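Please look through the structure shown below and follow the explanation one step at a time, keeping the sequence at hand.

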Amino acid sequence: MNKKIRTEAVDHLFEAVLCLKDKEECYAFFEDVCTVNEILSLSQRYEVARMLREHRTYLDIAEQTGASTATISRVNRSLNYGNDGYDLVFDRLNET
């Protein structure tokens with residue numbers, strides 16, 4: 001089941017994120033919007049994706065990030081069959 005995320009409310013959230021100017025503003029905003037566990041979960045998935053793109057093993061990723069193999073598999077599925085959002089970010093970060 002694919003939940004519809006393209007809503008006006010999500011547009012407003014993304015516009016808010018896009019107006020942030022630096023890492024400190026991101027910390028302030030995300031600490032207000034998300035719980036600590038939500039932020040840590042997002043950052044864990046991002047680290048898993050980064051490590052998968054470095055061709056690290058599931059075991060190594062699990063040990064270093066604390067992510068379950070189920071989480072690693074879900075992130076891997078997004079990397080292989082998703083919307084290329086991770087790769088877009090990785091490519092842009094490599095440009096700098």
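Threonine 71 counts as buried in this predicted model, because its relative accessibility is 12% and the cut-off for a buried residue is under 20%. Threonine 71 lies in helix 5, and, once residues up to four places away in sequence are set aside, it touches Gln44 and Arg45.

Two packed helices are described by the angle between their axes and the distance between the axes. Helix 3, which covers residues 36–53, and helix 5, which covers residues 69–81, pack at an angle of about 65°, with their axes 9 Å apart, and the crossing of helix 3 and helix 5 is right-handed.

How many helices and strands does the protein chain have? The secondary structure comes to six helices and zero strands, and from the N terminus on the elements run α-α-α-α-α-α. The C-alpha atoms fill a box of roughly 35 × 35 × 30 Å, taken along the principal axes. Of the 96 residues in the protein chain, 14% count as buried, while the chain exposes about 7900 Å², of which carbon and sulfur atoms supply 53%.

Another salt bridge joins the side chains of arginine 53 and aspartate 87, at 2.8 Å from N to O. This pair links distant parts of the chain, since arginine 53 is in helix 3 and aspartate 87 is in helix 6, 34 residues apart. Arginine 53 is partly exposed at 34% relative accessible area, and aspartate 87 is partly exposed at 21%. Arginine 56 forms a salt bridge with glutamate 54, with the closest N and O atoms 2.9 Å apart. Salt bridges that share partners join Glu47, Arg50, Glu54, Arg56 and Asp60 into one network.

The loops deserve a look of their own. Most residues other than glycine have a negative phi, and most peptide bonds are trans. Histidine 55, however, has a positive phi of about 65° although it is not a glycine, and it is found in the loop between helix 3 and helix 4. Histidine 55 counts as exposed because its relative accessibility is 72%, and the cut-off for an exposed residue is over 50%. Aspartate 84, in the loop between helix 5 and helix 6, has a phi near 65°, again a positive value in a residue other than glycine. Aspartate 84 is partly exposed, with a relative accessible area of 47%.

The last stop is on the surface, where Leu13, Phe14 and Val33 form a nonpolar patch with about 260 Å² of accessible area together. Phenylalanine 14 is found in helix 1, residues 8–18, and it is partly exposed, with a relative accessible area of 46%.

Conventions
Residues numbered from 1 in each chain as written. Predicted model: local features only at pLDDT ≥ 70, side-chain atom pairs only at ≥ 80, totals over all residues. Heavy atoms only, no water. Patch = residues over 30% accessible without salt bridge, like charges linked within 9 Å, V, L, I, M, F, W, Y side chains within 5 Å. Areas by Shrake-Rupley, 256 points an atom, 1.4 Å probe, with all protein chains shown as cover. Salt bridge = Lys/Arg side-chain N within 4 Å of Asp/Glu carboxyl O. Helix = DSSP H or I, 4+ residues; strand = E, 2+ residues; numbered from the N terminus. Buried < 20%, exposed > 50% of the residue type's maximum accessible area, 1.4 Å probe, protein only. Axes fitted to C-alpha atoms, helices over the stretch in contact; angles between N-to-C directions. Left-handed = near helix turned anticlockwise from the far one by under 90°. Contact = heavy atoms within 4.5 Å.
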